[in-house]
Structure formats: C-alpha cells, structure tokens
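Please keep the sequence and the 3D view open as you read.

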Amino acid sequence: MDRMWTLWQANDPENRNFQLDERPYGHITWNNDPASRLTTLDDVINIGWAGPETTMREMMSTTGGPLCYFYK
C-alpha cells in the first residue's frame with residue numbers, strides 16, 4: 001500500500017504530496033469507526049516506538065520530513 005501511495009504521488013507531486021483523501025480512511029479513526037472528523041495536515045500523530053510525535057503533514061512524503069526512503 002505504501003508503494004502504491006508513493007507511485008500515485010509521483011504522478012502529480014505538486015498536487016498530491018499533501019492531498020488528503022476524504023473516503024472512509026481519511027478520518028481520524030480507522031475506517032471512520034467510531035464516526036469521526038476528517039484528519040487535517042496539522043493533526044498530531046503518535047507513531048509509538050518508531051519515533052516522536054509528528055504531524056500528518058510531516059508524514060505525507062517518504063522523502064521529506066522525518067522519513068527518508070524511496071522506491072525504485
């Protein structure tokens with residue numbers, strides 16, 4: 001899934017690197033269960049043992065923010 005997201009972003013990076021999806025998985029709860037608001041780029045997320053709290057904006061790109069990887 002992560003690779004598909006990256007390929008999708010690469011087709012139009014100017015518009016897609018920070019585009020949030022409004023389908024069920026764009027909510028702050030998994031599959032909008034329980035019902036919740038849509039996430040924003042400024043929402044803080046906790047990634048547990050993988051690192052410090054960060055924002056959705058910082059996690060949207062695999063080559064920017066705290067992430068540093070790419071697919072060939």
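The report below goes from the overall fold to single residues and their partners.

## About the model

This is a predicted model, in which local features need pLDDT of at least 70 and side-chain atom pairs count only at pLDDT 80 or more, while totals for chains, interfaces and linings use all residues. Residues are numbered from 1 along each chain as its sequence is written, and side-chain values use heavy atoms, leaving out hydrogens and water.

## Overall fold

Let us begin with the whole chain. The protein has three helices and two strands, in the order α-α-β-β-α from the N terminus. These elements are DSSP runs numbered from the N terminus: helices are H or I with at least four residues, strands are E with at least two. Along its principal axes, the C-alpha trace spans about 35 × 25 × 20 Å.

Contacts here are heavy atoms within 4.5 Å. Counting contacts between residues at least 6 apart in sequence, 21% join residues at least 24 apart.

## Surface and charge

Of the 72 residues, 19% count as buried. Buried means under 20% relative accessible area, exposed means over 50%, and partly exposed lies in between, with a 1.4 Å probe and protein chains only. The protein exposes about 5700 Å², and carbon and sulfur atoms supply 57% of that area. Areas come from the Shrake-Rupley method with a 1.4 Å probe, and for residues only the protein chains shown count as cover.

On the charge side, there are 6 positive and 10 negative side chains, and the centres of the two sets lie 8 Å apart. Lys and Arg count as positive and Asp and Glu as negative, with His and the chain ends not counted. Each charge is placed at NZ of Lys, CZ of Arg, CG of Asp or CD of Glu.

Now for a residue in the first part of the chain. Thr-6 sits in helix H1, which covers residues 2–10. Thr-6 counts as buried because its relative accessible area is 13%. Beyond its neighbours within four places in sequence, Thr-6 is in contact with Thr-62 and Tyr-71.

## The loop between H2 and E1

Asn-31 lies in the loop between H2 and E1 and has a positive phi of about 55° although it is not a glycine. Asn-32 is also placed in that loop, and its phi is positive too, at about 55°, again without being a glycine. With relative accessible areas of 37% for Asn-31 and 25% for Asn-32, both residues are partly exposed. The peptide bond from Asp-33 to Pro-34 is cis, with omega near 5°, and Pro-34 is found in the loop between H2 and E1.

Thr-40 lies in the loop between H2 and E1 as well. At 36% relative accessibility, Thr-40 is partly exposed. Setting aside neighbours within four places in sequence, Thr-40 is in contact with Leu-20 and Met-56. Its C-alpha is 18 Å from that of Gly-64, a residue 24 places away in sequence.

Where does Arg-37 sit? Arg-37 is in the loop between helix H2 (13–16) and strand E1 (44–45). It is partly exposed, with a relative accessible area of 44%. Not counting residues up to four places away in sequence, Arg-37 touches His-27, Ile-28 and Asp-43.

Side chains of opposite charge can pair when their charged atoms come close. How many salt bridges does a search of the whole structure find? The search finds two, a salt bridge being a side-chain nitrogen of Lys or Arg within 4 Å of a carboxyl oxygen of Asp or Glu. In one of them, the side chains of Arg-37 and Asp-43 meet at 2.9 Å, N to O. Asp-43 is buried, at 13% relative accessibility.

Asp-42 forms a salt bridge with Arg-57, with the closest N and O atoms 2.9 Å apart. This pair links distant parts of the chain, 15 residues apart: Asp-42 is in the loop between H2 and E1, and Arg-57 is in helix H3 (residues 56–59). Asp-42 is exposed, with a relative accessible area of 53%, whereas Arg-57 is partly exposed at 37%.
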